[in-house]
Amino acid sequence: MKHGFRIFDSHTHIGTARHSGRSYSADELLRDMDRYGIDRSLVIPFPVVESVREAHELIGRAVLAHPDRLSGSACIHPYIPEPEFRDEVRRCREVYGFRALKLQPQYHGLNPFSKASNFLFEAALENKMAVVCHTGSGLPFSLPSLLMMPARRYPELTIIAAHCGGAMFVHDAMLAAVFCPNIVLELSSLMPNSVLEVLAEVPADRLMIGSDLPENLDVEMGKILTLPVADEQKKWILGATACRVFDGACA
Ligand SMILES: [Zn+2]
């Protein structure tokens, strides 16, 4: 709780990242959450890891040990055999109660627009997960508007555009959200002026905060807390949207 708001950080990672060399533990995450007054975090594997299964087990153990603070997300390289992909998504849901499935087109090379990616969105839907998709850096497959195709194919599925397209493609992300009511925008890396532009077109109950990395926590939380908008809008962005999207995570 910070300044009277319940805070749900919808974008964090623990584990060891092969692409960046970064390492961050569950204990460090919980320590930083306490420091910044964050009530709950969605914890996602880094996009490139030594073992996906071990990355899920690390997050799963943390989620089971701290069910009141952490929710889990799976992240699986999509070009493994499809039955293995589907089995691992199901295992994450059944064993650890994960609430989301992450696609990282920058490192996974999967085009969300293509029917060839249907299996990923179907696996999420079958396991009552939302899909979190990185957007922004890593074109062309990380263009936010590509998410409009799966959003239209699977209207019951919630798709989160992580980073809201970044500074360069924020309007592309806004278009996707305006035309697809099941697309939600996660605002990490946007400057406050861009967040206000987004809020002018997309309701606050489809926007959510995310830090991505611990160094960003102060800035990402502060930029929403200090926005010149109504507390009701801040309430949704800071936590209520994520509670709704990651169904049951805040029960
Ligand atoms: Zn991330």
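Of the 251 residues in the protein chain, 49% count as buried, where buried means that 20 or more other C-beta atoms lie within 10 Å of the residue's own, exposed means 12 or fewer, and partly exposed falls in between, with C-beta atoms placed from the backbone. This is a predicted model, so local features need pLDDT of at least 70, side-chain atom pairs count only at pLDDT 80 or more, and totals for chains, interfaces and linings use all residues. Residues are numbered from 1 along each chain as its sequence is written.

The overall dimensions come next. A compact globule of 251 residues would have a radius of gyration near 18 Å, and the 16 Å of the protein chain agrees with that; the radius is taken over C-alpha atoms, and the globule rule is 2.2 Å times the number of residues to the power 0.38. Along the principal axes, the C-alpha atoms fill a box of roughly 50 × 40 × 35 Å. Among contacts between residues at least 6 apart in sequence, 73% join residues at least 24 apart, a contact being two C-beta atoms, placed from the backbone, within 7 Å.

As for secondary structure, the protein chain has 10 helices and 10 strands, counted as DSSP runs (H or I, at least four residues, for helices; E, at least two, for strands) and numbered from the N terminus. An open sheet is built from 8 strands in the order 1-4-5-6-7-8-9-10, with parallel pairing; two strands pair if DSSP finds at least two bridges between them. Strand 1 (8-13) and strand 10 (207-208) stand at the edges with a single partner strand each, so one side of each has no neighbour in the sheet. Helix 5 (residues 118-126) packs on the sheet, where it touches strand 6 (100-103) and strand 7 (130-134), and its direction makes about 165° with that of strand 6. Such angles run from 0 to 180 degrees between N-to-C directions, with axes fitted as lines to C-alpha atoms, for helices over the stretch in contact.

Met208, in strand 10, counts as buried because it has 31 C-beta neighbours inside 10 Å. Beyond its neighbours within four places in sequence, Met208 is in contact with Ser10, Val184, Glu186, Leu187, Ile237, Thr241 and Ala242. The C-alpha atoms of Met208 and Ile237 are 4.3 Å apart in space, though the two sit 29 residues apart in sequence.

Ile237 also marks a bend of about 55° in helix 10, taken as the angle between axes fitted to the seven residues ending there and the seven starting there. Among the buried residues of helix 10 are Ile237, Gly239, Thr241 and Ala242.

Gly239 leads on to Asp39, which is in contact with Met1, Arg6, Ile7, Phe8 and Gly239, leaving aside neighbours within four places in sequence. Asp39 lies in the loop between helix 1 (26-36) and strand 4 (40-44), and is partly exposed, with 18 other C-beta atoms within 10 Å.
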